[in-house]
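Trainee: I would like to learn how to read a few features of a model. Please take me through them.

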Amino acid sequence: HFFTTSLGAADVYNIWSMTATNFGVNYVSDPEPSPAEPIFTNGVGTWSEPATVPLSSNYTVAVNGVNAPVIVCTDPNNTPGYEVDVAQFAVQGPWTVVITNSQLITNCTVHPLSRYITPLINGRTVTFTFPIPDNLYVEINRKTQPPLCLLAQPQMELPSGTNVLVISAGVNRGSIAPTSGQTVWFNPGAVLYGQITGSAVSNILVAGYGILLNMQAPGLYWL
C-alpha cells in the first residue's frame, strides 16, 4: 500500500527540515488549462480531470449526488500491483458518498477506524455520510481490489499576491524548490510525481487541490 500522509489544506512547512540538499528546480510538466478552484454544486466542489490523468475502471463516486472523478495513482517506479484509486473533492458541510464498484461488494472497511464509519453495502454500492472534511481510506472486498482514497477537503481560495508558484492540472514530474515565503498552489487536477525540496528556507505554504507522489520514498501525499 501507499504510505498516506495529509499535507494539510493551508499549513506552513519548514522545507529545510525535510532535506539538507537543495535539488534546485527540475520541473517538467504536461499542463492543461484549469481553474484555480473547484466549481461547487450541492455543497460539493469538483473539477474535470485532465486527459493526461488516468481514470479508474474500478470505482465511480458520487458525493451529495455530484459525480467526483476517480483517478489512478501508481508507483512512480512502476512496481507491479502498486496502485491506489483517488477521488478528490471539496465540501462545505456534511457529505454523503455513494461508491459504485465494478464487482459485487462483500465487505468494506473505512479507515481511520477511529471515525467509526459503518458503510451501508447494497450489491455493488457502498454508502455513508460524514459531517466534516476528512481524508478517508476505503478497503473493499478484503484488499482484492485497489484501495480507494476519498479526499474530502475544505473549501480554499488561491492566495493573493505574486509570490505564488502554481502547479497546473495534469501530470507534472520533477522537483519543486520554493524560496522562503513562497506559496506552492496545486490547481484542481494537478498531480506531481516528484518532491518539494529546499535548503535553509522557511515559511513555505503548500495548499490547493492536488496530489504529490514522492519519487524517492514512494508515497501518496495530498493537499
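**Reading the model**

Mentor: Start with Asn122, which sits in strand 12 (residues 120-122); strands are DSSP runs of E, at least two residues, numbered from the N terminus. This is a predicted model, where local features need pLDDT of at least 70, side-chain atom pairs count only at pLDDT 80 or more, and totals for chains, interfaces and linings use all residues. Residues are numbered from 1 along each chain as its sequence is written, and side-chain values use heavy atoms, leaving out hydrogens and water.

Trainee: Is Asn122 buried or exposed?

Mentor: Buried means under 20% relative accessible area, exposed over 50%, partly exposed in between (1.4 Å probe, protein chains only). Asn122 is at 56% relative accessibility, so it counts as exposed.

Trainee: Which residues have the most contacts inside the largest nonpolar core?

Mentor: In soluble globular proteins, nonpolar side chains tend to be buried together. A nonpolar core is a set of buried Ala, Val, Leu, Ile, Met, Phe, Trp, Tyr and Cys residues joined through side-chain atoms within 4.5 Å. Here the largest has 25 residues, and Val61, Phe89, Trp95, Ile99, Phe128 and Leu150 have the most contacts inside it. Strand 9 (83-91) and strand 10 (95-101) are among the elements giving two or more residues to this core. Another core, of 13 residues, lies apart from it and includes Val53 and Leu213.

Trainee: What does Phe89 touch beyond its neighbours within four places in sequence?

Mentor: Contact means heavy atoms within 4.5 Å. The partners of Phe89 include Val44, Trp47, Val63, Trp95 and Leu151.

Notes. Helix = DSSP H or I, 4+ residues; strand = E, 2+ residues; numbered from the N terminus.
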